[in-house]
Amino acid sequence: VIPLVPCLLLLAAIIRDAECTCADYSAWMRTDKVVPPCSMCGYAKGFATLKVAADASSLYVYLQLEGNVSDWTIVSAGIFGPAKNNQNKPSAKGTLLDLPYPANLNGFWQSEIRLTSNSLAETLTYMREGLTYISFITSKGGILREEIRGQIGASSCFESSLFRNSSSPPIVDGDGLERSPYSFGNILLSVEATDLAVLIQAPADLSRSPGNVVAVALDFGPAGALNIVPTDLGLLASQSPRYKVVHSADAGLVAALVAGQARVLVDYSLSLTSAAGVAYSVAGRLAAPATPGVACRELVVQDSTYYDMGRERLSDWITVWSLNEGNPDAEAPLQPRYFAHPYQIAAGETATSVLKRFGMTMTALQRLNPTVADLASLAPSQVICIVPVWSRTLSASGLPICQS
């Protein structure tokens, strides 16, 4: 049985350890995060997620901006560093990676890009250390200024697998197909525990699609609720924002989320046709608690296989399958699946001792843990992802577990 190790530890601070179903990094961008704050900047806010490719060869970046800076022209955007949160300018490199940007912002804009670079390894090191930020630069009359900015961090991840109530009667359409509406939700909480971002994903296959999403809400119990228009989550239109972003969220809502009091609710309506050709609809609700993301899991995407998951992380499909339940050839999209074992560091253990015991290389360990800042200085109780090489794995007593 795989232990459900939370992807965050609720101690004096919220600490992101191993990779979960959320993006690896994120950034909330605003004018008040410019150093010093930009008093003349227009109304603009932004959000970004960054996902490191499994083989660490590229970086997938999603950007969304909203607001109005029509008096100025956006002339550049990028990932900058190394620089701490309140540092005016990078101390050395400067622009690490260029990003796409809209020439003018008057409303909403979004973009997604896959970045590769000869210096990507260095950039990822700065990101792990919390020393990078995203910035958009504007110009007017030859004057340049930093418009909006946000520090990149490994946010806390919460997740919800959203199903119908198990006691509800089955839904069968006119073709005899049983419909089982499903969605998967993520909530990202910023490193400062002040900002939220909500993502709801729905499968495209007919048997599991929720059909028309009528309403989405986060129920924080006594602290209140956050109602979200489905179009604000891209559920009804491809040109809509992918994430519902909340800047400077109410402290009571954040506290309720961290305390495990939040639930994700998705109301849907299925348009069906009976065997006799009569059109009708079935309404319902998908619901689940928002729980801390479980370490070392990712969402199955369309056409992905255990072979792909294993190969990308220097493993194999048999190992990946052994971590999960079900038929290895019949994985449904948007189901969370383990790609590695969550392993909690014991007192006295080091990266060297972990590598020796499980027969792994540092390259493999880094690839499985893209957000861990310093693998050479692992702390007791810290959770990392490992994939043992069974032929070289040792028992607790130091003896090989596989005898030739």
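Q: How far apart are the sulfur atoms of Cys296 and Cys385?
A: A disulfide is a pair of cysteine sulfur atoms within 2.5 Å. Here Cys296 and Cys385 form one, with their sulfur atoms 2.2 Å apart. This is a predicted model, so local features need pLDDT of at least 70, side-chain atom pairs count only at pLDDT 80 or more, and totals for chains, interfaces and linings use all residues. Residues are numbered from 1 along each chain as its sequence is written, and side-chain values use heavy atoms, leaving out hydrogens and water.

Q: Is the disulfide of Cys296 and Cys385 right-handed or left-handed?
A: Check the S-S torsion: for Cys296 and Cys385 it's about -105°, so this disulfide is left-handed. Cys296 sits in the loop between β21 (291-292) and β22, while Cys385 is in strand β25 (residues 383-386), so the bond ties together parts 89 residues apart in sequence. Strands here are DSSP runs (E, at least two residues), numbered from the N terminus.

Q: Are Cys296 and Cys385 buried or exposed?
A: Buried means under 20% relative accessible area, exposed over 50%, and partly exposed in between (1.4 Å probe, protein chains only). Cys296 comes out at 0%, so it's buried. Cys385 is buried too, also with a value of 0%.

Q: How many disulfides are there by this rule?
A: The count is three. One of them joins Cys22 to Cys157, sulfurs 2.2 Å apart. Its torsion is about 80°, so it's right-handed. Cys22 is in the loop between β2 (14-16) and β3 (25-30) and Cys157 in β11 (residues 156-163), so parts 135 residues apart in sequence are tied together. Cys38 and Cys41 also form a disulfide, at 1.8 Å between sulfurs, and a torsion of about 95° makes it right-handed. Cys38 and Cys41 are both buried.

Q: Which residues does Glu298 touch?
A: Contact means heavy atoms within 4.5 Å. Setting aside residues up to four places away in sequence, Glu298 touches Thr21, Met309, Arg313, Gln335, Pro336, Arg337 and Phe339. Glu298 belongs to strand β22, and with 15% relative accessibility it counts as buried.

Q: What does β15 pair with, and how?
A: Two strands pair if DSSP finds at least two bridges between them. β15 pairs with β14 in the antiparallel sense over six bridges, with Leu199 as the bridge partner of Asn186. The two form a hairpin with six residues between them, and Ala193 in the turn has a positive phi of about 60°. β15 also runs antiparallel to β18 (residues 244-246), joined by three bridges, where Val198 partners Lys244. Five of the six β15 residues are buried, so the strand is largely enclosed by the rest of the structure.

Conventions
Helix = DSSP H or I, 4+ residues; strand = E, 2+ residues; numbered from the N terminus.
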